[in-house]
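Hello,

I am passing a structure on to you, along with some notes on what turned up in it. Have a look first, and then read on.

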Amino acid sequence: MRLKDKVALISGAASGMGAATARLFGREGCKGVVVADILEKDGKAVVAEIEKAGGHATFLPLDVTDEAQWKAVVDKTVATYGGLDVLVNNAGISGSAEQDLYDTAAWNRLMGINSTGVFLGMKYGIRAMKRGGSVINLSSISGITGQGYIHVGYNASKGAVRLITKAGAAQHGKDGIRVNSVHPGLMPPMRTSGRTADPVQREKTLKGVPLRRAGEVDEVAYAILFLASDESSYVSGAELVVDGGWTAV
Ligand SMILES: NC(=O)c1ccc[n+]([C@@H]2O[C@H](COP(=O)([O-])OP(=O)(O)OC[C@H]3O[C@@H](n4cnc5c(N)ncnc54)[C@H](O)[C@@H]3O)[C@@H](O)[C@H]2O)c1
């Protein structure tokens, strides 16, 4: 049990990598896993799966752009499980559905959910980590390199996550709080994907991936698990790339 007695809060946990992480955390002995998302039905289904497997979980509605909701979710987590040890800022939207790569409304949406959502999560989550803790922020390989076929706001918002993470590591280490980022490469498409869900585009992309395949959600969940657990007790401010070698070439 790699997370025995820890309390974890995961944003965007109703789907994809967030849901896989929530299920894994449930199996690894968490005292409580808070599945927070705008999607109530899917989030509750994830909670039911965790509980069926013998874990402990709660769904809480959360729009990561809403400061009052973040405060309420963190307060409720602490009231329900007695504290907070692990925060996974995972909620995000894709930049691959936009035709106009400089669309201003899309820029604001991307920055609001992908960057401000992480900032607000850290603002309220870290305050609640009274016994130290681990924050894991989902960036992307798009936070490290640029892609020509996605909205510039996706690269910008994920690049911001990379540096919000390092600022957090610098500021909160003295309180025993570690902050790291995870950078997935080509994964199953997001709910909001456009071009990156297109099989032709995916085949093209795979040619540049040394492992010649897309990643699976559990392969990212296990990377997050390492950073959440005490096994990574001296790792802070790191960028863990989970991309089949894409950014190595
Ligand atoms: N899938 C990929 O190829 C890929 C690659 C690199 C990084 N990422 C990042 O990984 C994270 C998870 O992506 P995924 O593939 O599981 O996507 P997904 O679309 O399957 O899941 C994203 C989740 O975030 C939730 N969400 C969206 N907006 C929200 C908001 N305002 N408030 C609360 N929840 C909200 C969605 O409801 C959904 O449950 C994202 O941050 C994404 O940018 C994904």
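How many salt bridges does the count come to? With a salt bridge taken as a side-chain nitrogen of Lys or Arg within 4 Å of a carboxyl oxygen of Asp or Glu, the count comes to 14.

Before the details, please note that this is a predicted model, in which local features need pLDDT of at least 70 and side-chain atom pairs count only at pLDDT 80 or more, while totals for chains, interfaces and linings use all residues. Residues are numbered from 1 along each chain as its sequence is written, and side-chain values use heavy atoms, leaving out hydrogens and water.

One of the salt bridges joins Lys-71 and Asp-75, at 2.9 Å from N to O. Both residues sit in helix H3 (residues 67–81), four residues apart, which is about one turn of the helix. Helices (H or I, at least four residues) and strands (E, at least two) are DSSP runs, numbered from the N terminus.

Another pairs Arg-131 with Asp-85, at 2.7 Å from N to O. This pair links distant parts of the chain, 46 residues apart: Arg-131 is in the loop between helix H4 (104–127) and strand E5 (133–138), and Asp-85 is in the loop between H3 and strand E4 (86–89). Asp-85 is buried, at 9% relative accessible area, whereas Arg-131 is partly exposed at 48% (buried means under 20%, exposed over 50%, partly exposed in between, with a 1.4 Å probe and protein chains only).

Finally, Arg-162, Lys-166 and Glu-239 are linked in a network of salt bridges.

Best wishes
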